[in-house]
Amino acid sequence: MANLLHNSSFFLLLCLLHFVLVAKSQSFIGINYGQVADNLPAPEATAKLLQSTSIQKVRLYGSDPAIIKALANTGIGIMIGVANGDIPAMASDPNFAKGWLSSNVLPFYPASEIIVINVGNEVMSSNDQNLMTNLLPAMQNLRKALNDVSIGGKIKVSTVHSMAVMKQSDPPSSGSFDPNIGDLLKGLLEFNKATGSPFAINPYPFFAYQSDPRPDTLAFCLFQPNAGRVDAGTKIKYTNMFDAQVDAIRAALNAMGFKEVEIVIAETGWPYKGDSNEVGPSIENAKAYNGNLIAHLRSMVGTPLMPGKSVDTYLFAIYDEDLKPGPTSERSFGLFKPDLTMSYDIGLSKANNQVPTPKTPVSPSPNASPKAPVSLSPNPAPKAPVTPTLVPTPNTTVTPPSPKTEKSVKAGVSDSQSQANINVGMLVLSQILWYPMLHMR
């Protein structure tokens, strides 16, 4: 009997550890919730939709009270944002920061689990010197306002960058930031380090592929089998663009002396539809990129420079935004439709966490494929600082002037929620381990 109990306990232990690891791994998956549209479902319906998935974090570009309230008591971490247009006022007037906090956070927190406030979206690549110089003071004033109400240690303050802040990313080990913004960026990174807030950035392998639309580049961007690309500096072979871009960011942070600052992927995605002259958008490619990215994150394998862990990653996006300007692809990133059905299945439903096997990726037409030899670098365009930076990210076109329009921020499943899951697991685990010992005779 003792052996039977011991074997049963061991089996239950394995099941429990699997449950804890899977539950924790899901906390790395977030999603962007843009609102530049006139056909979005009610926030309450979206909250229920999210609860039916393994998504545990949501990034809002603003601070829409209806959405924040709808997400109350769901266990979903929320990233909200301060509009670019509010940065000068928040920088110059501490009372503005206090008022913003009183209107957009305090009425909802902690029932609505706000975990990060992003001040501005892609400010450092906006070329607006007024916004760029006021960004850090605005973040400091907001941080002080949070401290004044004793929640500065619970809600982080950061800002979101585009890949245009990078000067070099090819190969990843040579990653470096644009020296033209070096001093300003150093101040922001010192703030991130001192407060424990993340460096949030928006890498898009989709844009890298558009700049070099060859079949081997497509496979590299979609996590499909490929020959890989060797970093000449480290001799590391990269097998996907996402890891190469993230490690280039890691190398740039390390080179500036900020090894402690964590990276958060605030946006990444692939459009399922585009104009006839756009290379890359298709349902097959979008399903392959997003589905394989999720599988990669769930594997916890990490990147070559950050092995054994997955960076918090916010998929772009939950819905299409039909009012956004630009090519069709800008309005075709949604993983779900306004009727709450999936645009395509990438295994986000709790009922089925298996990522469906994507079809063969759709390669560009022969006319689109350059005759150049295969590059072994993550960003094949010669001398280009970072290929994805040459094309605006899906939210670059929207720079809202007021809190009622889009803003930017990061979100995530709270550390407390993850820890709670682990604590429950450990409690059950202790019971499993002790039961057979108490009954052995």
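Modeller: Helix 6 buries Leu131, Met132, Asn134, Leu135, Leu136, Ala138, Met139, Asn141, Leu142, Arg143, Ala145 and Leu146. This is a predicted model.

Colleague: Where does helix 6 have a kink?

Modeller: At Leu135. The kink is about 40° and comes shortly before the proline Pro137. Leu135 is also one of the buried residues of helix 6.

Colleague: What is found at the start of helix 6, and which residue follows the helix?

Modeller: At the start, a side-chain oxygen of Asp128 comes within 3.1 Å of the backbone nitrogen of Asn130. After the helix comes Ser150, with a positive phi near 65°.

Colleague: Which residues have the most contacts inside the largest nonpolar core?

Modeller: Val105 and Ile117, in a core of 100 residues. Helix 6 gives this core its largest share, nine residues. There is also a second, separate core of five residues, including Met79, Ile115, Val264 and Tyr314.

Colleague: Why is strand 11 called largely enclosed?

Modeller: Count its buried residues. Strand 11 covers residues 263-268, and six of the six are buried, so the rest of the structure largely encloses it.

Colleague: Which strands pair with strand 11, and in what sense?

Modeller: Strand 8 (residues 199-202) pairs with strand 11 in the parallel sense, over three bridges. Strand 14 (residues 313-315) also runs parallel to strand 11, joined by two bridges. Both count as pairs because the requirement is at least two bridges. Opposite Val264 of strand 11 stands Ala200. Ile265 has Thr313 of strand 14 as its bridge partner.

Colleague: Why is Ile249 called buried?

Modeller: Its relative accessible area is 0%. The limit is under 20%, so Ile249 is buried. Ile249 belongs to helix 10 (residues 241-255).

Colleague: What does Ile249 touch, leaving out residues up to four places away in sequence?

Modeller: Met163, Met166, Phe199, Ile201 and Ile263. Ser176 is 73 residues from Ile249 along the chain, with 7.4 Å between their C-alpha atoms.

Colleague: What makes helix 11 mostly covered?

Modeller: Of its 17 residues, 12 are buried. Among them are Tyr289, Gly291, Leu293, His296 and Arg298.

Colleague: How do you know that the span of helix 11 agrees with its 17 residues?

Modeller: Residues 283-299 should span 24 Å at 1.5 Å a residue. The end C-alpha atoms are 24 Å apart, which agrees. Helix 11 is followed by Met300, where phi is positive, near 60°.

Colleague: Why does Gly291 count as buried?

Modeller: Its relative accessibility is 0%. Against a limit of under 20%, Gly291 therefore counts as buried. Gly291 sits in helix 11. Leu348 is 57 residues away from Gly291 in sequence, yet their C-alpha atoms are 8.8 Å apart.

How values were computed: Residues are numbered from 1 along each chain as its sequence is written. This is a predicted model: local features need pLDDT of at least 70, side-chain atom pairs count only at pLDDT 80 or more; totals for chains, interfaces and linings use all residues. Side-chain values use heavy atoms; hydrogens and water are left out. Buried means under 20% relative accessible area, exposed over 50%, partly exposed in between (1.4 Å probe, protein chains only). Helices (H or I, at least four residues) and strands (E, at least two) are DSSP runs, numbered from the N terminus. The bend at a residue is the angle between axes fitted to the seven residues ending there and the seven starting there. A polar contact is a pair of N or O atoms within 3.5 Å; within protein, one must be able to donate a hydrogen and the other to accept it, and residues adjacent in sequence count only if both atoms are side-chain atoms. A nonpolar core is a set of buried Ala, Val, Leu, Ile, Met, Phe, Trp, Tyr and Cys residues joined through side-chain atoms within 4.5 Å. Contact means heavy atoms within 4.5 Å. The expected span of a helix is 1.5 Å times one less than its number of residues.
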